[in-house]
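Dear colleague,

I am handing over the structure below, and after it you will find what turned up when I went through it. Please keep it open beside this message as you read.

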Amino acid sequence: MNLWLIPAFPLLGFLLNGLFGRRFSKPLINLIAVGSVMLSFLWVLKTLNGLYPIEQPHLEHYFTWIQSGSLNISVDFGVDRLTAVFLLIVTGVGLLIHTYAMGYMEHEGGYYRFFAYLNLFMFFMLTLVLAHNYLLLFVGWEGVGLCSYLLIGFYFLEKFATDAGNKAFIVNRIGDFGFSLGAFLIFKQFGSLDFTQVFEGANKMPVENSFGLMTGICLLLLLGATGKSAQIPLYVWLPDAMAGPTPVSALIHAATMVTAGVYMVARSSALFLHAPIAMDTVAVIGLATAFLAATIGLTQFDIKKVFAYSTVSQLGYMFLGCGVGAFSAGIFHVMTHAFFKALLFLGAGAVIHGLSGEQDLRKMGGLAKYMPITCATLAAASLAIAGVPFLSGAASKDLILEAAYQHAPWMYWVAVFTAGLTAFYVWRAWFMAFTGEYRGKKQDEHADAGHGHGGHGHGQPHESPFVMTGPLIALALLSLGGGFLSVTKWLEPMFALHEEAVPFMIRLMPAVMAFGGIFLAFVFYYLKPGLADSFAGAFGGLYRLVFDKYRIDEFYNAVVVEPVIQGSRTVLWKGVDAGGIDGAVNGLGRLSRGTGSILRLMQSGSIRAYAAWVVFGSVLVILAIGVAGGLR
Amino acid sequence: MPALPFPDSVPLSWYLILSAVLFCLGIAGFVYRRNVITVFMSIELMLNAVNLTFITFSYKLKHIDGHIFAFFVMVVAAAEAAVGLAIILTVFKNRHTLLIDEVNTLKW
Amino acid sequence: MTPFFFIILAGFAVFCAISLVSQTHPIASALSLVGVMGALAVLYLQLGAEFIAAAQMIVYAGAIMVLFVFVIMLLNAGAEQEARRVSRLARFTGMLLMAVFLGIISLTIQAQFPKMGGVTFGAWVGGTAQEIGVLLFTTYLLPFEVTSVLILIALVGAIVLARKEI
Amino acid sequence: MNFLLISLIKTAVVLAVLLTGLAYLQWIERKVLAHIQIRVGPYRVGPHGLLQPLADVIKLITKEGFVPSHVNKLFYFMAPWLAVTLALISIAVLPFGPQIEVFGQKTFMELTDLRIGILFVLAVSSVGVYGVALAGWASNNKYALLGGLRSSAQMISYELPMALAIAAPLLLVNTLSFREVVNAQEGYWLGFIPRWNVIPECVGFVVFLVASFAETNRVPFDLPEAENELVAGFHVEYGSMKFASFFMAEYANMITVAAVATLLFLGGWTPLFPAPYSNVIPVLLFAATGLLLLIAGTAPARRMDKYTFPVVGVISLGIALIFGVSFLVPVVQTILMSLFWFLAKLLVILFIFIWIRGTLPRFRYDQLMRFAWTILFPIAMANLLLTALAVAWTTK
């Protein structure tokens with residue numbers, strides 16, 4: 001079926017735009033960038049149509065990449081039902097976001113660079129999804145990390161952007177370290193990195209109820225997943241990653257790349273199912289992340305930060321789903337989340353675009369009348385994420401919650417409470433942005449305030465062009481109706497469903513929490529806008545703690561970063577480098593100078609003296625040959 | 001015809017000894033002379049001595065590869081003379097001396 | 001006849017070489033060197049290397065040494081002054097040492113090649129122009145071509161060095 | 001011992017003829033130049049100045065051998081000796097006739113036959129620079145020094161095109177021996193066109209001639225002795241026999257290059273026409289000359305002509321008779337015919353030398369060098385390459 005064409009199109013786009021984009025006109029760049037993704041999407045559709053129904057994984061072998069002893073790694077692409085879901089999400093949502101970016105990035109510098117990176121990201125993401133062994137998956141994994149770094153630091157003239165890029169990359173390195181070790185252990189245990197062979201091997205192993213090799217592998221893989229998918233303890237990079245352009249946030253840091261961790265855990269479900277301890281760890285981490293991020297989201301004023309913490313929180317739900325054994329529910333949530341979170345980010349981008357770069361919620365307000373389409377589509381997304389029944393978010397989240405209830409009721413309650421928080425903070429942002437009075441300055445003096453939007457100050461908030469609102473509408477429809485796509489049924493051959501009856505009360509609870517959260521937000525930010533501040537004042541200490549994101553960054557800084565820097569400075573720099581290496585080099589130099597000052601006496605500059613030395617040496621050589629026994 | 005006091009043919013070692021003598025004289029000139037042109041000519045003398053050795057062994061081995069080698073030595077000597085003499089001319093132009101003892105600094 | 005000529009020529013060559021080293025005037029040294037080369041050319045003929053003998057005269061005596069003479073005349077270099085008093089003892093010791101060294105070398109050569117056979121003029125003629133040409137353009141083609149490049153480089157180098165600006 | 005004896009005889013004959021020839025070559029030159037310039041030339045000593053060379057020789061020998069005080073004695077005396085020796089030495093390998101048999105002794109009509117005769121001539125001519133260069137330097141005179149420098153630079157420069165021009169016909173005949181070169185030029189194309197190298201190698205011949213003018217320091221390339229710039233160049237400080245030596249060297253060199261040109265390009269002693277016709281030519285030529293002179297003697301323009309014309313006419317008729325008689329003795333005929341043709345070609349070339357001296361002005365020094373390197377050298381190179389290509393094309 002020529003699966004290789006799927007990532008090849010974006011790669012071609014990247015090469016064309018990256019190498020020659022400087023000389024291309026904008027329409028041509030658009031054509032190449034969006035066209036390549038479009039072709040990729042169409043090829044995905046054709047492929048899946050041809051393969052339907054994918055009862056058995058469809059494998060394609062291209063060539064042997066590494067052959068060394070028993071290590072045999074080939075470049076294999078494979079499509080099964082899980083991959084099919086991800087292919088559709090990546091190319092479909094990717095296509096919409098590419099389209100949107102054409103409008104959003106219109107006035108930005110480095111236009112071709114942006115689209116080249118975006119296409120490169122598509123290539124690596126598709127490679128990641130299509131890969132049929134851990135090493136190839138790792139290639140995609142690292143590649144998307146690279147693109148994430150490049151795109152976060154897209155405004156590389158700003159220090160905070162490059163810092164955020166570095167942070168994302170370095171934090172991900174810790175996760176990748178875990179992933180690599182996990183892959184090494186897998187190879188040691190199963191003698192291969194090919195999915196088919198590894199999972200066959202794993203299925204023959206007994207379930208490990210105590211800490212063992214499988215648990216180790218799974219925990220190391222989980223470390224990798226927490227890095228890529230921004231889970232505790234490695235979630236700190238994602239909020240900062242909002243320094244990148246908004247389409248990047250939507251595509252990479254909401255819809256696709258951050259779900260790679262979930263994909264990897266789901267892909268390795270055969271391993272995880274044999275390591276219950278690791279499963280529990282996954283669930284606990286997911287739950288804790290979901291709750292923690294939701295509370296932080298309550299207090300943020302930067303619209304993108306709010307959604308970023310929301311993303312972290314939702315990713316936590318997905319991990320929870322995987323951890324409690326409902327892999328298909330987790331994947332389902334990946335899909336719905338891709339719809340509504342991409343929509344949220346794109347909507348936020350439209351707002352920012354309309355306000356010429358303003359991101360602070362406190363300077364918005366009453367935007368509903370300026371940008372009705374954005375307002376309506378964002379409302380749809382907010383409803384979906386809040387968990388209003390029959391919408392996409394509710395469909396997938398409820399499945400996770402039910403599974404959690406069956407696994408452990410306390411998890412369910414925490415998760416449900418978090419769902420309420422989610423509804424509250426999302427609608428808080430919505431109310432602050434779209435209702436009430438416009439609190440921003442109408443003059444374009446804030447034109448330079450936002451990053452990169454300089455020179456684009458209209459002063460008046462305005463609706464975005466159709467090229468941006470079109471994808472918003474499409475995503476809004478998907479957010480509203482996406483819940484009826486029964487992904488769990490589709491994935492049933494791969495991940496068994498545990499349909500057991502749960503009490504009606506339990507089914508009802510999420511909807512109640514959703515409406516409760518929306519209502520509270522309505523009260524706090526629409527009816528009585530002062531109430532929120534008085535609450536914040538009443539719980540001053542707690543509020544400040546949450547507002548400062550539990551000071552996790554400061555904690556990491558003090559515990560990890562500072563010791564490393566200090567250690568580098570004192571031990572590595574002053575001690576090893578300056579003392580040892582420089583000392584050796586300087587010592588050698590001093591030694592040569594000392595020797596030279598003695599040998600210099602021979603360098604008289606008189607050629608005849610040199611000649612005499614040469615002759616003397618030759619005579620010695622000849623005599624030595626004579627003594628040694630002649631010329632024979 | 002009266003018998004000559006030496007044999008009918010010349011032992012090959014005589015040629016080699018002649019070559020050695022010429023070579024040593026070349027060395028002596030190279031070390032002893034002060035005029036850079038004479039020094040240069042001493043080098044040529046040494047090259048000639050070496051050529052004689054080549055030709056001699058070529059005769060011994062009845063193989064003319066030695067001739068080829070001597071030929072190459074000549075060509076290289078020609079190239080060397082062209083460049084060397086050009087250098088000597090330049091040095092003389094800048095320093096107004098041909099005595100190598102006085103040309104003992106790289107930078108003037 | 002061959003030994004007779006050899007002794008005359010070798011004597012002439014050594015005499016010229018000594019003259020080359022001991023003459024104070026560069027022109028005299030150069031002419032002595034031409035004498036050495038002439039003697040060697042005839043010795044080459046004795047050894048059957050007629051092409052090399054001719055080349056020796058044409059290239060060495062006729063071109064290279066003319067160049068030397070030319071340069072000496074151009075610079076109008078006078079006789080070499082005595083730089084420092086080299087003591088008579090040192091000079092004598094040097095000559096003595098060289099003689100001893102030559103003696104050792106000669107003995108070594110005699111010992112190493114005791115029966116290398118003799119040279120009779122006309123007994124073997126190997127180096128005709130044809131043979132050398134064939135060898136030069138077959139076995140030694142690459143070195144030959146490289147030599148041409150070397151000469152080109154020398155040509156360019158000499159021209160660059162001889163420019164007025166340097 | 002036969003070898004030694006024959007060699008001695010040949011050396012004596014050749015030397016005597018050559019030295020006389022040198023002296024009379026100068027007479028011819030003066031006469032020809034004079035006639036080109038519409039003068040009479042030497043006329044007083046002997047009939048038509050025929051004894052002038054003898055008088056010159058006596059004058060030069062008896063002059064005081066004056067040695068300037070500032071010269072470098074050794075090289076001052078060495079230079080003319082070197083010049084004349086090196087000029088005469090190359091005559092040794094130049095053949096002027098085929099192999100002959102006299103009184104049962106087979107011998108070549110030359111002093112010695114070398115396998116590498118051409119290389120020998122080249123080697124000797126390249127060493128010939130020393131005479132001039134040393135003379136210029138040893139005189140310790142700036143004009144002489146300039147002349148010597150010019151001469152050495154000029155001779156080194158022109159040796160290259162000359163060697164290349166020589167190489168081209170050698171490719172055709174595939175040998176380095178003069179004798180074989182001439183042998184290869186025997187015969188005729190289409191029965192009447194002589195197989196001389198000058199026909200395929202006409203460019204090489206012209207290049208050779210031009211280069212040989214420079215090699216012998218002749219007009220238009222006589223910069224080393226340009227009177228109006230350098231007084232007389234390298235031999236300004238020389239007098240009497242030492243000056244005569246340089247003079248001899250110059251004319252000997254002329255004869256050498258003319259002979260080389262004859263041998264390499266003009267087929268040496270091979271006749272212009274096929275033997276049956278060519279053997280008659282000298283007889284007819286000399287007979288016609290004699291008769292013409294006898295007729296001219298009956299109506300003399302000048303007083304002495306009524307004696308000299310008939311005498312020379314009778315001598316010419318005698319020579320014609322000798323050639324005629326030689327038809328009866330094949331050995332003698334071979335010698336005479338080859339000598340006749342060789343000398344005829346030689347004299348033609350020498351006449352060209354003199355002719356050009358009387359016609360062309362002198363080059364400027366920079367023109368001379370530029371001409372050598374930018375015109376003559378590329379032409380000779382191209383000629384050599386084309387010849388090599390043609391040879392490679394035709395011989396499989």
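Before we come to the chains, one definition is needed: two residues are in contact if their C-beta atoms, placed from the backbone, lie within 7 Å. Please also bear in mind that this is a predicted model.

With that in hand, consider where chain C meets chain B: the contact takes 69 residues from chain C and 59 residues from chain B. On the side of chain C that touches chain B, at least two residues each are supplied by several elements, including helix H1 (2-22), helix H4 (88-112) and strand S1 (118-119), while the largest share, 12 residues, comes from H3(C). Sorted by class, that side of chain C has 55 nonpolar, 12 polar and two charged residues.

The two chains are also joined by strands, for strand S1 (residues 10-11) of chain B pairs with S1(C) in the antiparallel sense over two bridges, and within S1(C) it is C:Gly118 that stands opposite B:Pro11.

Turning to chain A, its secondary structure comes to 25 helices and two strands. Those strands, S1 (residues 58-68) and S2 (residues 71-79), pair in the antiparallel sense over nine bridges, and A:Thr64 has A:Ser74 in S2(A) as its bridge partner. S1(A) and S2(A) form a hairpin with two residues between them, and A:Gly69 in the turn has a positive phi of about 60°.

As for chain A as a whole, 50% of its 632 residues count as buried, and among its contacts with a separation of 6 or more, 80% are between residues 24 or more positions apart.

With best wishes

How values were computed: Residues numbered from 1 in each chain as written. Chains lettered and ligands numbered in written order. Predicted model: local features only at pLDDT ≥ 70, side-chain atom pairs only at ≥ 80, totals over all residues. Helix = DSSP H or I, 4+ residues; strand = E, 2+ residues; numbered from the N terminus. Nonpolar A, V, L, I, M, F, W, Y, C, P; charged D, E, K, R; others polar. Pairing = 2+ DSSP bridges. Buried ≥ 20, exposed ≤ 12 C-beta atoms within 10 Å, placed from the backbone.
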